[in-house]
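Subject: Structure handover

Hello,

Here is the structure for you to look at. Please open it beside this message, and read the notes below with the model in view.

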Amino acid sequence: MILKIVSPTNKVASILCFFQEYCTQQLDLSESTARELSNDICDMCEGLLDELLFRQNMLPNDLETYLQFRGRTMGIHPFFTLIRTLHTPVEGEYLSRLRDLQKRVSLVLGLQNDLVGLEKDRRNGETMNAVLVSLKEQAGTDVDHMNMILPRTIQEVCGIHNLCLSDAVEMHAGLRGSLNGDVHDAVLETAILAFADTHLKWCASSKRYQAKVE
């Protein structure tokens with residue numbers, strides 16, 4: 001929760017406090033929803049901070065560590081918290097399982113970005129990519145070794161993506177029926193899962209991710 005009293009020099013905290021007040025006063029969100037939205041944004045910022053620490057070698061430079069923050073930097077949780085306000089409130093275990101599905105889909109989206117954008121990242125010298133992180137972990141600075149194991153590493157990251165997506169599909173299936181066995185409108189979990197398909201199509205069609213032959 002963001003404190004109401006913050007230092008005037010802490011502009012980030014001031015902006016977040018202003019945003020929380022805007023959500024309650026202008027968007028007519030409940031205080032609990034506004035707090036959850038703020039927590040989602042803070043979690044995304046913490047993921048970005050972990051990415052910065054990773055870049056500066058202040059966290060272990062391995063794929064396992066990278067995957068721990070990759071999904072959080074995608075920032076989809078605030079989006080789906082707002083979507084939930086359009087539907088009947090969900091609480092308890094159902095909400096917890098719904099957020100678990102969001103976390104899994106978030107990682108799927110991050111890996112889609114990395115895989116589809118791999119050529120662009122290599123061309124631009126961007127190191128925050130699951131394939132490139134894994135390559136460095138296995139080969140260090142040996143360029144020849146990197147090139148040799150690149151196809152295998154891509155397949156390995158594809159495998160992680162597919163496993164995460166399979167997990168998400170299973171989570172979605174488990175949420176299709178309410179916890180007491182009654183059928184309910186599965187629009188929330190379906191929207192979350194469908195986001196993976198929509199995002200992949202966007203990545204594949206966006207000029208930002210198009211490979212170039214030079």
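In which sense, left-handed or right-handed, does α1 pass α2? The crossing of α1 over α2 is right-handed. Please keep in mind that this is a predicted model.

Helices α1 and α2

Helix α1 covers residues 11-25, and it packs against α2 at an angle of about 145 degrees, the two axes being 9 Å apart. On the α1 side the contact uses Leu16, Phe19, Gln20, Cys23 and Thr24. These meet Glu31, Ala34, Arg35, Leu37, Ser38, Ile41 and Cys42 of α2. Sorted by class, the contact of α1 with α2 has seven nonpolar, three polar and two charged residues.

Helices α2 and α4

Helix α2 (residues 31-55) also meets helix α4 (residues 77-84); their axes come within 8 Å and cross at roughly 165 degrees. An angle over 145 degrees counts as roughly antiparallel, so α2 is roughly antiparallel to α4. The crossing of α2 and α4 is right-handed. From α2, the residues in contact are Thr33, Glu36, Leu37, Asp40, Ile41 and Asp43, and from α4 they are His77, Pro78, Thr81, Leu82 and Arg84. This contact of α2 with α4 divides into four nonpolar, three polar and four charged residues.

Helices α4 and α9

Helix α4 packs against helix α9 (residues 187-205) at about 150 degrees, with 11 Å between the axes. That angle makes α4 roughly antiparallel to α9. Here too the crossing is right-handed. Phe79, Phe80, Ile83 and Arg84 are the α4 residues involved, and they meet Leu188, Ala191, Ile192 and Phe195 of α9. By class, the contact of α4 with α9 has seven nonpolar residues, no polar ones and one charged.

The largest pocket

How many residues line the largest pocket? There are 18, and those nearest its centre are Glu126, Thr127, Leu132, Lys136 and Met146. The volume of the largest pocket is about 340 Å³. Elements giving two or more residues to its lining are α2, α6 (118-124), α7 (130-139) and α8 (143-175). The largest share, five residues, is from α7. The lining comprises seven nonpolar, five polar and six charged residues.

Regards

Key: Residues are numbered from 1 along each chain as its sequence is written. This is a predicted model: local features need pLDDT of at least 70, side-chain atom pairs count only at pLDDT 80 or more; totals for chains, interfaces and linings use all residues. Side-chain values use heavy atoms; hydrogens and water are left out. Axes are lines fitted to C-alpha atoms, for helices over the stretch in contact, and angles run from 0 to 180 degrees between N-to-C directions. Helices (H or I, at least four residues) and strands (E, at least two) are DSSP runs, numbered from the N terminus. Angles under 35 degrees count as roughly parallel, over 145 as roughly antiparallel, 65 to 115 as roughly perpendicular and the rest as oblique. A crossing is left-handed if the near helix is turned anticlockwise from the far one by less than a right angle, and right-handed if clockwise. Contact means heavy atoms within 4.5 Å. Ala, Val, Leu, Ile, Met, Phe, Trp, Tyr, Cys and Pro count as nonpolar, Asp, Glu, Lys and Arg as charged, and the others, Gly among them, as polar. On a 1 Å grid over the protein atoms alone, a cavity is a set of points where a 1.4 Å probe fits but cannot get out, and a pocket is an open set with protein on both sides within 12 Å along at least five of seven lines; lining residues have an atom within 4 Å of a point. Grid points are joined across faces, edges and corners, and a volume is the space filled by probe spheres set on the points.
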